[in-house]
Amino acid sequence: MKKLPQISEAEYEVMKIIWRYAPISTNEVTEKLTAETSWSPKTIQTMLKRLVQKEAISFHKESRVFVYTPLVKQTEYLEHENNHFLNRFYDGNLTSMLTSYLGSDSITERELEELRSLLKKTKGDKR
């Protein structure tokens, strides 16, 4: 399996913008993140540099503007993080994780219905 870079929570917010809008310039990333967060443009530029160093994104220069594209697919990264979470907190046992979530008060009736529907569909697909 390809080794994926370790991305902090803040860097992940930058990645979400890049995954959604790539190719995207520094100014566009900054504009979108300053609208959603209290981060300064300098902070955002520092995170972009770190993501380049971690090889999560690449850039090229178009006249005087840096344009970024992801090197890591969002689906690949999410699968990696999901597996890491499952292994770290539930020893890789999906049933234990679901039992914990189902026992909490935070799950809504709508979410339960979506899970029922998903399980039903998955069960049908496996036959």
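L115 lies in helix 6, and this residue belongs to a nonpolar patch on the surface. The model is predicted.

**Surface patch and helix 6**

- The nonpolar patch on the surface is formed by L94, L98, L102, L115 and L118, which together have about 410 Å² of accessible area.
- Helix 5 and helix 6 (109-125) are the elements that give two or more residues to this patch.
- The most comes from helix 5, which gives three residues.
- L112 is also placed in helix 6.
- When residues up to four places away in sequence are not counted, L112 touches L102 and I107.
- L112 and Y68 are 44 residues apart along the chain, and their C-alpha atoms are separated by 39 Å.

**Helix 4 and helix 5**

- Two packed helices are described by the angle between their axes and by the distance between the axes.
- Helix 4 covers residues 74-90 and helix 5 covers residues 94-102; their axes come within 9 Å and cross at roughly 80°.
- Angles of 65 to 115 degrees count as roughly perpendicular, and helix 4 and helix 5 are therefore roughly perpendicular to each other.
- On the helix 4 side, the residues that meet helix 5 are F85, L86 and Y90.
- On the helix 5 side, the residues are L94, S96, M97, S100 and Y101.
- The residues of this contact divide into six nonpolar and two polar, with no charged residue.

**Salt bridges**

- Side chains of opposite charge can pair when their charged atoms come close.
- Five salt bridges are found in a search of the whole structure.
- One of them joins the side chains of E11 and K54, at 2.7 Å from N to O.
- E11 lies in helix 1 (residues 9-21) and K54 lies in the loop between helix 3 (41-53) and strand 2 (57-62), so this pair ties together parts that are 43 residues apart in sequence.

**Backbone features**

- Most residues other than glycine have a negative phi, and most peptide bonds are trans.
- E55 has a phi near 60°, a positive value in a residue other than glycine.
- E55 is found in the loop between helix 3 and strand 2, and K54 lies in that loop too.
- A22 and P23 are joined by a cis peptide bond, with omega about -5°.
- P23 is placed in the loop between helix 1 and strand 1 (24-25).

Technical notes
Residues are numbered from 1 along each chain as its sequence is written. This is a predicted model: local features need pLDDT of at least 70, side-chain atom pairs count only at pLDDT 80 or more; totals for chains, interfaces and linings use all residues. Side-chain values use heavy atoms; hydrogens and water are left out. Axes are lines fitted to C-alpha atoms, for helices over the stretch in contact, and angles run from 0 to 180 degrees between N-to-C directions. Helices (H or I, at least four residues) and strands (E, at least two) are DSSP runs, numbered from the N terminus. Angles under 35 degrees count as roughly parallel, over 145 as roughly antiparallel, 65 to 115 as roughly perpendicular and the rest as oblique. Contact means heavy atoms within 4.5 Å. Ala, Val, Leu, Ile, Met, Phe, Trp, Tyr, Cys and Pro count as nonpolar, Asp, Glu, Lys and Arg as charged, and the others, Gly among them, as polar. Patches are made of residues with over 30% relative accessible area and no salt bridge: like charges are joined within 9 Å, nonpolar side chains (Val, Leu, Ile, Met, Phe, Trp, Tyr) within 5 Å. Accessible areas come from the Shrake-Rupley method with a 1.4 Å probe; for residues, only the protein chains shown count as cover. A salt bridge is a side-chain nitrogen of Lys or Arg within 4 Å of a carboxyl oxygen of Asp or Glu.
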